[in-house]
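Q: Hi, could you walk me through this structure in plain words? I'm new to this.
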Amino acid sequence: MYTRDDEPTIYGLIPEAETKREKAPRHVSKFRDDAKGDYVKLKDDHKTMGQAKVPVRQPESFMKKHEKEPVLPDRRTFKYPDEERKRPPVPTTKEQPLMGLKTSKNFITNNAVQNITSVPRMPQKVYVDTRGGHKNLLEPSGLEPVYVHRKDYGETPKYLEKRKDEMKRAQEEYDAYIAEHFRRGAMRSLSGDERQAILQGLKTNWEEIHEQYQGLSVVTDTAPKKNRKERMEAEMKQLERDIETIERHNVIYIGN
C-alpha cells in the first residue's frame, strides 16, 4: 500500500483477503420442457440427414435417357399483339418496280374532289396511362362500355323465359290436381277465419310456454330441471315452425 507521495507504509505488509465475485444463478425458462417436446414432435423423419438406407430402383424401372432433364413447353411462334397493324416491310434492293407505266389521271383534281366529298374519319379512342404520354387503345382495354350497345341489351335472357314457362306449367298442373281432389271431396281449404283462429291459438300457446320458460331456474343442476327445460325449448321451436308455415301460405288444404 502506498501513500500520496508513493512511499511504502506498514499497512502494505498486511495480506488482503481475496474477494470472489458471486455469479447470479443461471436463468432457466419455465417453457424449456414444452419447447423441447414441441421440437421433437414437429421433427420429421429423414428431414435433414436423409434415409438411413437409400432405396434402389427395381430392374424394370431403370433410368432412361434424358429422364432428369427439364421438360420444356412446346415451342410457339411469338407474335406481337399489334401484328396486324404493322406496315409492310421495306422493299429489298433485288425487287424491281414496274417501269414504263403511264396514266392520264389528274391526281391533283382527283385528290381535291375526294377530300371534298369524303366523310371525316372519327379519331381513334385511346387512353394515356403514363405522364410521358404512352397511349393504348381504349376498346380492347375493357374501359369502354361495349355491352350496353348490343342489340339484345336490356332484354330478358332466354333461359329465364324458359324457366318462367316451366314454373307456370307446373303451377297449372298443381291447380288441376287440387281441383280434381276438390271435385272428389277428398280435400278442402281453410277459410280466412279458420286460418286466423289457428294462427292466434298457436301464438297464444307459444306465449304461455315462453312465460313458464322464463320462470325456470337459471342453474339446471338436476336431471328433471334439464329435461323440463329441453322439453319446453323443443315445444317452442315446433310452435315457431308451425306459425311460420301458416303465415307463409295463404291457402291451406286439409284432407278429409
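A: Let us begin with Glu 67, which counts as partly exposed because its relative accessibility is 39%; here buried means under 20% relative accessible area, exposed means over 50%, and partly exposed lies in between, using a 1.4 Å probe and protein chains only. This is a predicted model, in which local features need pLDDT of at least 70 and side-chain atom pairs count only at pLDDT 80 or more, while totals for chains, interfaces and linings use all residues. Residues are numbered from 1 along each chain as its sequence is written, and side-chain values use heavy atoms, with hydrogens and water left out.

Q: OK, which residue does Glu 67 form a salt bridge with?
A: Its partner is Arg 57, and the closest N and O atoms of the two are 3.3 Å apart; a salt bridge is a side-chain nitrogen of Lys or Arg within 4 Å of a carboxyl oxygen of Asp or Glu. Both Glu 67 and Arg 57 lie in the loop between helix H1 (32–41) and helix H2 (107–117), so the pair ties together parts that are 10 residues apart in sequence. Helices here are DSSP runs of H or I with at least four residues, strands are runs of E with at least two, and both are numbered from the N terminus. Arg 57 is partly exposed, with a relative accessible area of 46%.

Q: How many salt bridges are there by this rule?
A: The count comes to seven. One of them joins the side chains of Lys 203 and Glu 247, at 3.4 Å from N to O, and this pair links distant parts of the chain, with Lys 203 in helix H4 and Glu 247 in helix H5, 44 residues apart. Lys 203 is partly exposed at a relative accessible area of 32%, and Glu 247 is also partly exposed, at 41% relative accessibility.

Q: And what about Arg 248, where is its partner?
A: Arg 248 forms a salt bridge with Glu 244, the closest N and O atoms being 3.8 Å apart, and both residues lie in helix H5, four residues apart, which is about one turn of the helix. Arg 248 counts as exposed because its relative accessibility is 53%, whereas Glu 244, at 49%, counts as partly exposed.

Q: Switching topic, which residues make up the largest nonpolar core?
A: That core has eight residues, namely Leu 199, Leu 202, Ile 209, Met 232, Met 236, Leu 239, Ile 243 and Ile 246; a nonpolar core is a set of buried Ala, Val, Leu, Ile, Met, Phe, Trp, Tyr and Cys residues joined through side-chain atoms within 4.5 Å. Helix H4 (192–214) and helix H5 (223–248) are the elements that give two or more residues to this core, and H5 gives the most, with five residues.

Q: So which residues of H4 are buried?
A: In H4 the buried residues are Arg 195, Leu 199, Leu 202 and Ile 209, and the buried residues of this helix pack against H5. Ile 209 touches Met 232, Glu 235, Met 236 and Leu 239, leaving aside residues up to four places away in sequence, where contact means heavy atoms within 4.5 Å.

Q: Last one: how far apart are the centres of domain 1 and domain 2?
A: Taken over C-alpha atoms, the centres of domain 1 and domain 2 are separated by 43 Å. The domain assignment gives domain 1 as 124–186 and domain 2 as 187–255, and such bounds come from an automatic or database domain assignment.
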